[in-house]
Amino acid sequence: MRVAVIGAGVAGLTCAHRLTSRGHACDVYERWPGLGGQAATLDVGSGHLLERYYHHLFTSDRHIAELYEELGMPDELEWRPSSVAFFLEGRSWPFTSPLHLLRFRPLSLRSRLRMGLAVLRLQRGAREVEPFEQRTARDWIVAAMGAEAYAKVWGPLLRGKFGDRADDISMAWLWGKLTMRRRLQGKEASQELLGYPRRSWEPLFAALRSSIEAGGGRVLIDRPVKRLSHRAEGFELLAGAPGSFRGGHDPRGFDAGGTERYDAVVATVPNDVFRALLDDELAGAIGGEYLARLAGIEYHTALCLLLELDRGFTPFYWTNIADPELPFVGVIEHTNLVGPERYGGRRFLYVANYLAAGDELLSLGADELLARYEPGLRRINPAFERAWVRERWLHREPAAQPIVTVGYGERIPPLRTGVPGLVLANTTQIYPEDRGTNYAVRLGGDAAAALLSAG
Ligand SMILES: Cc1cc2nc3c(=O)[nH]c(=O)nc-3n(C[C@H](O)[C@H](O)[C@H](O)COP(=O)(O)OP(=O)(O)OC[C@H]3O[C@@H](n4cnc5c(N)ncnc54)[C@H](O)[C@@H]3O)c2cc1C
């Protein structure tokens, strides 16, 4: 089979790698002039690569760890102790070990104990997601931990990630977050270990690309798909012209490049992009029920400001912002996980946000945004000055976070679109786990299997 894979993120590259190993040559089309999708890197200078968006792995992320092994790169992953804090009531509260919860004074002692017990009970006992699927996280938290824990800790965290949809988020999502990622045995019971590849995520993409090319396929960057049609003899794919990425995400606005024919297509793009690729006939063949599923899932946009600082900003890797007055939701100091010596002494801090489409912050440039964030950054570290910032980069990802509301599991579009030979595999189908590169690896494999088993 000649297969086109749309999107060279982790799912697309893994899918093409799996299909290649089964003897099917794949052409991978990618809109961006680089590999990796949401995990893509940028050169921050002096040959150092960093992800545009903060990235780490959990020890439970076995699919991606196995892929590193399979590609002959088992030593690439390094595991380091994590450090986490909550910023609330004017200070950062360490939240790395269970003992820190007991010392977390913004909550009454009773609420602290209830919260700790509820999380433990969930992690030890609740193996199935079903009991949590028809309930909001808010409802469960208030019942299991009390209203104070929701008001001061979980509500602000959910609002940070899901904005005004926070109160509607399914408990299934939080169950996934709290139960699936962390090992409670051994060293990790007291301090979580996080993984980061020795040389960034980029070597993984390069190895997948080599595998695809060795099998006779091509990995085409800065070559998006503009339109997809179904003909009697297969699929007709109209590529967009080079440079199309400058025109945004909607493929209908791209200038046309060349046309190619394929026996099968796996699309790993977000729902709205996939819908915009389909010509009328193909959309009709897929049918209204499937298209309604695509349209029914909302996303929030990630807005991520990466700063190079001339000194450390916090003592923590990850600071959750639970103070609603700060205009961002997290501060992730990469060089508190991977030491600055790895980067010639340079230090990097991500200021994270998730916003609904159309939010005013999304229209700002890097300097304007930094100016907006400055007072908030100073609340966390009162000594902070603009002069600490040596360099800054701003990235926006419109389809970064699917909004997982109650009953989400029943609304997910299946991998098989209903049109033989056409598969959709994207982050909306990662459930009940929180989406991540590990699950994108699993999804890429599932997409290849769905295509091959469909005949
Ligand atoms: C802020 C942020 C932080 C994150 N942190 C972590 C983390 O710590 N750990 C972790 O494991 N994961 C993290 N993730 C999630 C992780 O990056 C994603 O789940 C994963 O990379 C998704 O892979 P994918 O291939 O499914 O999708 P994507 O990476 O979105 O890939 C889709 C690809 O399709 C391309 N495309 C779009 N339109 C077209 C077109 N018309 N033609 C061709 N190609 C097109 C896109 O450019 C993209 O490369 C984070 C994500 C974000 C946004």
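Modeller: Leucine 113 lies in helix H4, where helices are DSSP runs of H or I of at least four residues, numbered from the N terminus. The model is predicted, so local features need pLDDT of at least 70 and side-chain atom pairs count only at pLDDT 80 or more, while totals for chains, interfaces and linings use all residues. Residues are numbered from 1 along each chain as its sequence is written, and side-chain values use heavy atoms, with hydrogens and water left out.

With a relative accessible area of 43%, leucine 113 is partly exposed; buried means under 20%, exposed over 50%, and partly exposed in between (1.4 Å probe, protein chains only). Together with Leu99, Leu102 and Leu109, Leu113 makes a nonpolar surface patch of about 360 Å². Patch residues have over 30% relative accessible area and no salt bridge, and nonpolar side chains (Val, Leu, Ile, Met, Phe, Trp, Tyr) are joined within 5 Å. A salt bridge here is a side-chain nitrogen of Lys or Arg within 4 Å of a carboxyl oxygen of Asp or Glu. Areas come from the Shrake-Rupley method with a 1.4 Å probe. Helix H3 (98–102) and helix H4 (109–125) each give the patch at least two residues.

Alanine 143 belongs to helix H5 (residues 137–145) and is partly exposed at 46% relative accessible area. Beyond its neighbours within four places in sequence, alanine 143 is in contact (heavy atoms within 4.5 Å) with Arg114 and Arg135. Its C-alpha is 9.8 Å from that of alanine 118, 25 residues away in sequence.

The largest nonpolar core has 62 residues, of which Val3, Leu13, Leu50, Trp201, Val266 and Leu306 touch the most other members. Such a core is a set of buried Ala, Val, Leu, Ile, Met, Phe, Trp, Tyr and Cys residues joined through side-chain atoms within 4.5 Å. Helix H13 (residues 437–453) contributes the largest share of this core, eight residues. Apart from this core lies another, of 40 residues, among them Leu101, Val119, Leu174 and Ile403. Leaving aside neighbours within four places in sequence, the contacts of valine 3 include Cys26, Val266 and Leu451.

Cysteine 26 is buried, at 1% relative accessible area, and cysteine 15 is buried at 0%. The sulfur of cysteine 15 has its closest cysteine sulfur in cysteine 26, 6.6 Å away, so the pair is too far apart for a bond. With a disulfide defined as a pair of cysteine sulfur atoms within 2.5 Å, the count is zero.

Definitions and conventions: Patch = residues over 30% accessible without salt bridge, like charges linked within 9 Å, V, L, I, M, F, W, Y side chains within 5 Å.
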